[in-house]
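Hi everyone, thanks for coming.

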Amino acid sequence: MTPTITAFERSPDRGRGLARDMRVRWALEEVGQPYEVRLLSFAALKESAHLKLHPFGQIPTYEEGDLALFESGAIVFHIAERHAGLLPADAGARARAITWMFAALNTVEPPIFERTIAMIVERDKPWYEERLPILEDRVRVRLGELSNRLGDAHWLDGAFSAGDLLMVTVLRRLIGSGILENYSNLSAYVARGEARPAYQRAFADQLAVFNGKPAAVR
Ligand SMILES: N[C@@H](CCC(=O)N[C@@H](CS)C(=O)NCC(=O)O)C(=O)O
């Protein structure tokens, strides 16, 4: 059964691949699962039809027959569990890859996203100039730790996994910030993720929505 995901009709990032449907698109591309996309306006996100699928009125969602999921991490996990290619077969390696999925979303993403939100909604506040460096230091702490762990490895724990997929999408939000660029192994890690053919197909399809062009037919 072909799953259907939801995505922004008009992405606020202007097609830079930051909206979280990118994670789901990338995972589906990695495992070779075709999918359909239902595009939604910001208003439609908050309407009852969508709220039945997503209690917080956000994208992405994932529908497959009777199954409806929300939360990008849960969706990527669902895809990774049902197809080969995103989680190792060995039980220990699989548990570690899942640990990296949680680490990406629960430990690394929060300070990065808090900085982003501050830059969007707090720019005109009197405390902004004082608060931003504090938020950026918190990001640096996490990147330093992640950089130490990654070292000169290609991926976080052996072969590319759903943990790397989520971590790369989380780190991409820092591209051009001047922060990520100070950690050459993390920049190279992100570039390695972006170079994967599955990533490139997912990115092109998300960008096509922003450009108003139909997605490639595969
Ligand atoms: N934790 C959720 C976050 C989802 C999320 O923040 N989605 C954003 C787009 S990337 C959204 O729909 N924003 C619109 C809104 O919150 O109204 C996930 O990972 O799926």
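**Around the ligand**

Let's start with the shell around the ligand: six of its residues are nonpolar, three are polar and four are charged. For those classes, Ala, Val, Leu, Ile, Met, Phe, Trp, Tyr, Cys and Pro count as nonpolar, Asp, Glu, Lys and Arg as charged, and the others, Gly among them, as polar.

Before I go on, this is a predicted model, where local features need pLDDT of at least 70 and side-chain atom pairs count only at pLDDT 80 or more, while totals for chains, interfaces and linings use all residues. Residues are numbered from 1 along each chain as its sequence is written, and side-chain values use heavy atoms, with hydrogens and water left out.

Back to the ligand. The shell holds 13 residues, and K46, Q58, I59, E71 and S72 are the closest; being in the shell takes a heavy atom within 4 Å of the ligand.

**The largest pocket**

So where does the ligand sit? The space it takes is the largest pocket, and sitting there means that more than half of its atoms lie within 2 Å of the pocket's grid points. About 1,100 Å³ of space lies in that pocket. The lining has 40 residues, and L18, R20, E109, F113 and R173 are the closest to the pocket's centre.

How do we find such spaces? On a 1 Å grid over the protein atoms alone, a cavity is a set of points where a 1.4 Å probe fits but cannot get out, and a pocket is an open set with protein on both sides within 12 Å along at least five of seven lines; lining residues have an atom within 4 Å of a point. Grid points are joined across faces, edges and corners, and a volume is the space filled by probe spheres set on the points.

Which helix gives the largest share of the pocket lining? That's α5, with twelve residues. Helices here are DSSP runs of H or I with at least four residues, strands are runs of E with at least two, and both are numbered from the N terminus. By class, the lining has 20 nonpolar, ten polar and ten charged residues.

**Two cavities**

There are also two cavities of 30 Å³ or more. The largest has a volume of about 60 Å³, and its lining includes L18, R20, E109 and R173.

Most residues other than glycine have a negative phi, and most peptide bonds are trans. Here, the peptide bond from I59 to P60 is cis, with omega near 5 degrees, and P60 is in the loop between α3 and β3. R14, not a glycine, has a positive phi of about 60 degrees, and R14 is in the loop between β1 and α1.
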